[in-house]
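Subject: Structure for your review

Dear colleague,

Please find below the structure that I am handing over to you.

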Amino acid sequence: MDLVPPRPEQDAAACADGELPPCVLTRPPRQSAPVVVASPHSGRAYAPDFLALSRLDARALRKSEDGFVDELCAGAPGLGLPLLAARFPRAWCDVNREPWELDPAMFEDALPPYVNATSPRVAAGLGTIARVVASGEPIYRRKLRFAEAQARIEACWRPYHAALAGLIAETRAAFGACLLLDIHSMPRPPGLPHGHGPDIVVGDLHGASCARPVVQLVEQALRGEGFAIRRNDPYAGGYVTRHYGRPREHVHVVQIEIARALYMDEATMLRLPGFAALQASLTRILARVAAAVPALV
């Protein structure tokens, strides 16, 4: 399996602002099940330099966040499951992309030949360094230099994936298998009234990233809490799902997209009164998955 090799801890010690580590790994005293939980898009450390570069304020930039997903998953370590969460914002560097998905139109200098400039994500303005926020508004006042993108990828993308790859490798070594739950949030689909559409979309790359019994277990646990579930529509998975999901090698990845309307006001980015109840539901779901998955992987 092609895992990004772990790097020394000091290599992961710098975030976008040079003060915060790029990601936070909360380990239980002892890992109790072959499950890893990750929140790659809940980071909200908006460095002053980033805000100065942007034509948008922090509230507009936060439209790209999977707001508070790390908090929703905070019960994982108490169940014996490691939790990895990015601190840097998705709008600064998106770890659910290849390391070099970049839009040449964003840069004043030429990009190296190894850059993937033609992916659908780049065309949509949502490459590793995004051109727009999720709502479609352009982020930057000026064109960037490639060295700026390179610095973000080295300081944020690589340490996050080193930590994630390390967790997967450790888990597989200890238990013989690993299930990665890659947790995200999703906006209300356009045109749908409140309360319509799925509560949660489960993505397994149409069966490529996870064995069928495992994804069915995840869905059963979600439905057991009363959630309306849809599989792979419209979110089948991103780079993390594609890169790490290797069911034949006993590494299973499921992407979980939670409707933001369940727990937050999308306009104000504030938690709704139901936040604590959803957090408790997700903790129960993780517990059910952790208890049952060893027999399936």
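Tyr-263 has a relative accessibility of 0% and therefore counts as buried, where buried means under 20% relative accessible area, exposed means over 50% and partly exposed lies in between (1.4 Å probe, protein chains only). Phe-275 is also buried, because its relative accessibility is 8%.

Before the other findings, please note that this is a predicted model, in which local features need pLDDT of at least 70 and side-chain atom pairs count only at pLDDT 80 or more, while totals for chains, interfaces and linings use all residues. Residues are numbered from 1 along each chain as its sequence is written, and side-chain values use heavy atoms, with hydrogens and water left out.

Aromatic pairs

A pair of aromatic rings is described by the distance of the centres and the angle of the planes. Rings of Phe, Tyr and Trp (its six-membered ring) pair if their centres lie within 6.5 Å; planes under 30 degrees apart count as stacked, over 60 as edge-to-face and the rest as tilted. Eight aromatic pairs are found in the whole structure. One of them is the tilted pair of Trp-100 and Phe-146, with 5.8 Å from centre to centre and 35 degrees between the planes. Trp-100 lies in the loop between E3 and helix H4 (120–123) and Phe-146 in helix H5 (residues 146–175), so this pair ties together parts that are 46 residues apart in sequence. Helices (H or I, at least four residues) and strands (E, at least two) are DSSP runs, numbered from the N terminus. Trp-100 and Phe-146 are both buried.

The rings of Tyr-263 and Phe-275 form an edge-to-face pair, because their centres are 6.0 Å apart and their planes stand at 65 degrees. Tyr-263 is in the loop between E7 and strand E8 (264–265) and Phe-275 is in helix H8 (residues 275–292), twelve residues apart.

The protein chain has eight helices and nine strands. An open sheet of mixed pairing is formed by seven strands, in the order E1-E3-E2-E4-E7-E5-E6; two strands pair if DSSP finds at least two bridges between them. Strand E1 (23–26) and strand E6 (229–231) are the edge strands, each pairing on one side only. E1 and strand E3 (residues 83–86) run antiparallel and are joined by four bridges. In this pairing, Thr-26 stands opposite Leu-83 in E3.

Backbone details

Which bond joins Asp-233 and Pro-234? The two residues are joined by a cis peptide bond, with omega at about 10 degrees. Pro-234 lies in the loop between E6 and helix H7 (239–244), and Asn-232 is also placed in the loop between E6 and H7. Phi of Asn-232 is near 65 degrees, a positive value in a residue other than glycine. Asn-232 is buried, with a relative accessible area of 11%.

His-206, which is not a glycine, likewise has a positive phi, of about 55 degrees. His-206 is found in the loop between E5 and H6. Its relative accessible area is 64%, so His-206 is exposed.

The chain as a whole

Of the 297 residues of the protein chain, 53% count as buried. The C-alpha trace spans about 55 × 45 × 35 Å along its principal axes.

Yours sincerely
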